[in-house]
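The exercises below are meant to be worked with the sequence and the model side by side. Each begins with a task and goes on to a solution in steps.

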Amino acid sequence: MFNQHAAVNLLDYYTTIEIIISLFIAGLLALVYKNIHYSKQRKRNSYWSLGLLLIINLIEWTSVMLDGFSGQYRIWLVINKFLNHSLIPFLGYFVIHIWVRHSKYDRLLAVLLPGNVLFQLASIATGWTFSIDQKNNYYHQGRYYYVYFIICIIVMFAIVSAYHQFEQKTFSSDCLFMFYTFFVFFLGIVIQEVSGGALRTTSLTITIGMCFLLNRFNNFTQKASDLKISRDNVVMRTDMTDIMTGIVKAGGLTVRACLGYLKLVFRG
């Protein structure tokens, strides 16, 4: 399909895309750091999510560069594929806990995610999920790769459920936006899998989806902060106003009494 020169250009293009994605993720990390409306727990989970996404992108790029490169780098390609298949589901776990402290899927994920790591570890010897050609150092999907794909789908549904749970507790629920965002996720994964890895779209769509979701979450936290400020202002005005006379109070004295006291002090 591609001649040798075109293939080299395609790898260069993929490298450029990965650099842009990494810069986007770094920008999101900076925005989270500067956002004063995030709680410490939400900031921590945001850092874990974006940092893990950055690592996954780097691992995937390294895997593409090593695929078919040289047999002496086979062990590094095996390690990269093991880490890639192990870390992607964990990314979903941290994304879920940006929005909710506790999810109804936490117990399931506590079993599923470590189980996936063991499954990927066993695949190094058995080739269940992936195998690396001994001679040419090419990556191949294993006969039980669909198990890993199902695990990713379960994690994705857990993310959708947690996001819906979060929106129900806030101001409004926008189901259309939610399903559109996760459709983008799913489409990116499907395109890469159907193409056999020739079209590397998973990292790109996950990053775009994270931009959508964090932007949405920023809007929610900003609205919550504005409402809190408005409520505090109402309470403050109520506390500082005398119910009988309507005169504004300050520290147990009326403003008029305070001003009179200050005049006496300055005259003295």
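The model is a predicted one.

**Exercise 1.** Decide whether glutamine 120 is buried or exposed, and state which residues it touches beyond its neighbours in sequence.

*Solution.* Begin with the relative accessibility of glutamine 120, which is 0%. Buried means under 20% relative accessible area, and glutamine 120 therefore counts as buried. Finally, leaving aside residues up to four places away in sequence, list the contacts of glutamine 120, which are Phe82, His85, Ser86, Thr129, Phe130 and Tyr148.

**Exercise 2.** Classify the aromatic pair of tryptophan 128 and tyrosine 144, and determine which parts of the chain it links.

*Solution.* The structure holds six aromatic pairs. In the one formed by tryptophan 128 and tyrosine 144, the centres are 6.4 Å apart and the planes make an angle of 75°. Because planes over 60 degrees apart count as edge-to-face, this pair of tryptophan 128 and tyrosine 144 is edge-to-face. Tryptophan 128 lies in the loop between α4 and β1, whereas tyrosine 144 lies in the loop between β2 and α5, and the pair thus links distant parts of the chain, 16 residues apart. As for accessibility, tryptophan 128 is partly exposed at 28% relative accessible area, and tyrosine 144 is also partly exposed, at 33%. Both rings belong to one aromatic cluster, formed by Phe119, Trp128, Tyr144 and Tyr146.

**Exercise 3.** Find which residues have the most contacts inside the largest nonpolar core, and which helix gives the most to it.

*Solution.* The largest nonpolar core has 49 residues, and Trp99 and Phe182 have the most contacts inside it. At least two residues of this core come from each of α1, α2, α3, α4, β1, α5, α6 and α7, and α5 gives the most, with twelve residues. Turning to tryptophan 99 itself, and again leaving out residues up to four places away in sequence, its contacts are Arg42, Ile159, Ala162, Tyr163, Phe166, Leu213 and Phe217.

**Exercise 4.** Describe the backbone and the setting of asparagine 137.

*Solution.* Phi of asparagine 137 is near 65°, which is a positive value in a residue other than glycine. Asparagine 137 lies in the loop between β1 and β2, and at 0% relative accessibility it counts as buried. A glycine with a positive phi, near 75°, is glycine 68, which follows α2.

Terms used
Residues numbered from 1 in each chain as written. Predicted model: local features only at pLDDT ≥ 70, side-chain atom pairs only at ≥ 80, totals over all residues. Heavy atoms only, no water. Buried < 20%, exposed > 50% of the residue type's maximum accessible area, 1.4 Å probe, protein only. Contact = heavy atoms within 4.5 Å. Phe/Tyr/Trp six-rings, centres within 6.5 Å; stacked < 30°, edge-to-face > 60°. Helix = DSSP H or I, 4+ residues; strand = E, 2+ residues; numbered from the N terminus. Core = buried A, V, L, I, M, F, W, Y, C linked by side-chain atoms within 4.5 Å.
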